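Student: I would like to go through this model and ask what lies behind the labels.
Tutor: Go ahead; each label will be set against its definition.

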Amino acid sequence: MSTNGSTAATSQQQVPAGAGETGSRRNQVMLGELPNDFLRSGRTQEQEDERIAHILQAQQQAGFVQPIPTNIAGRLSVTIVQAKLNKNYGLTKMDPYCRVRLGHTVFETPTAVNGARNPRWNKTVQTYLPHGVDSMYMEIFDERSFTMDDRVAWAVITIPPVVMSGETVDEWFSLSGRLGDGLEGSVNLVLSLTPAAEMPQQMSYVTTYTTPPVMMPMYYPQPIGQPVGMPVGMPVVQPMGQPMGQPVAYPPQPGMVPQRPMPELTEEDMKQIKEMFPDMDSEVIKSVFEANGGNKDATINSLLSIAAE
């Protein structure tokens, strides 16, 4: 025992200064249950909605507007108020949340913790209603911690015709599930539509791109002295008596527009976008900017969609 103690003391004397403090920090171990926000962003749904609202407000103040598609009937407002389910699946109270698919748009409500058979969400979502879409598909899931979420109920809800005329509807819709069609309970929705003709016209504009579509070369290599404005891959005919390789003057081709370089993302633009999206990586912003052809408005709209997801 004494030998081991003297050896340990000797080894401690040989440790360089400062190494013991670093080693003690590395040897620390946290005991007990993990916190609820472990590996999570730490923001609640309300905080996330508030952050997106600030981004939209900053966009409006900066003069950015959201483009309105041309193939829509209007802007549909969907409020998922609550649901009354006929059965609680599982040994504990369910944690239900709702998922809605409308056309190509999918959105979810927050989870009603311990909502069981009577979850309340009061979640309002506004989305564009495409022409020809008159129904939505709704699913209610029980959120699980260690297994896949369990689908409890579902329904195909037809938008009432009075909504299309501009009226607000507050109705209960039947849900299907394991108990049978229309026997799983009901969900309370509030629906209203703003027709496209009544939407602010100043928000509607056509997004233009400064870079034309990329044309891949077909058979002919790029010759020396290729004139500006001619598409890549078109053969160049050298006039007789003129040596090869010397630039040739061509008359402007009808319908040909010289290719303009894509605008660069300046430091001021990057700083402004980073203020709107502080959690977004700079390389992601550059990639989205290049994918949108250097269009700043389209870049911000795309980043807003990414942040909302």
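Student: In which strand is Asn122 placed?
Tutor: Asn122 is in strand E4. Strands are DSSP runs of E with at least two residues, helices are runs of H or I with at least four, and both are numbered from the N terminus. The model is predicted, so local features need pLDDT of at least 70 and side-chain atom pairs count only at pLDDT 80 or more, while totals for chains, interfaces and linings use all residues. Residues are numbered from 1 along each chain as its sequence is written, and side-chain values use heavy atoms, with hydrogens and water left out.

Student: Why is Asn122 called partly exposed?
Tutor: Buried means under 20% relative accessible area and exposed means over 50%, with partly exposed in between (1.4 Å probe, protein chains only). Asn122 has a relative accessible area of 48%, so it counts as partly exposed. Asn114, at 48% relative accessibility, is also partly exposed.

Student: What makes E2 and E3 a pair?
Tutor: Two strands pair if DSSP finds at least two bridges between them. Strand E2 (residues 96-102) and strand E3 (residues 105-108) have four bridges, in the antiparallel sense.

Student: Why are E3 and E4 said to stand at the edges?
Tutor: The eight strands form an open antiparallel sheet in the order E3-E2-E5-E6-E7-E8-E1-E4. E3 and E4 each have a single partner strand, so one side of each is left without a neighbour in the sheet.

Student: What makes a group of residues a nonpolar core?
Tutor: The members are buried Ala, Val, Leu, Ile, Met, Phe, Trp, Tyr and Cys residues joined through side-chain atoms within 4.5 Å. The largest such core has 31 residues, of which Leu76, Ile80, Met136 and Val187 touch the most other members. The largest share of this core, five residues, comes from E1. A second, separate core has 13 residues, including Ile55, Met270, Phe277 and Ile285.

Student: Which residues of helix H6 are buried?
Tutor: In H6 (residues 282-291) they are Ile285, Val288 and Phe289. Seen down the axis of H6, they fall within an arc of 105° (taken from the directions from the helix axis to the C-beta atoms), so they line one face of the helix. An α-helix has 3.6 residues a turn, so residues three or four places apart point the same way. The face turned away from the buried side carries the exposed residues Glu283, Glu290 and Ala291.

Student: How do you know that Asp281 caps H6?
Tutor: A polar contact is a pair of N or O atoms within 3.5 Å; within protein, one must be able to donate a hydrogen and the other to accept it, and residues adjacent in sequence count only if both atoms are side-chain atoms. A side-chain oxygen of Asp281 lies 3.0 Å from the backbone nitrogen of Glu283, at the N-terminal end of H6. H6 is followed by Gly293, with a positive phi near 70°.
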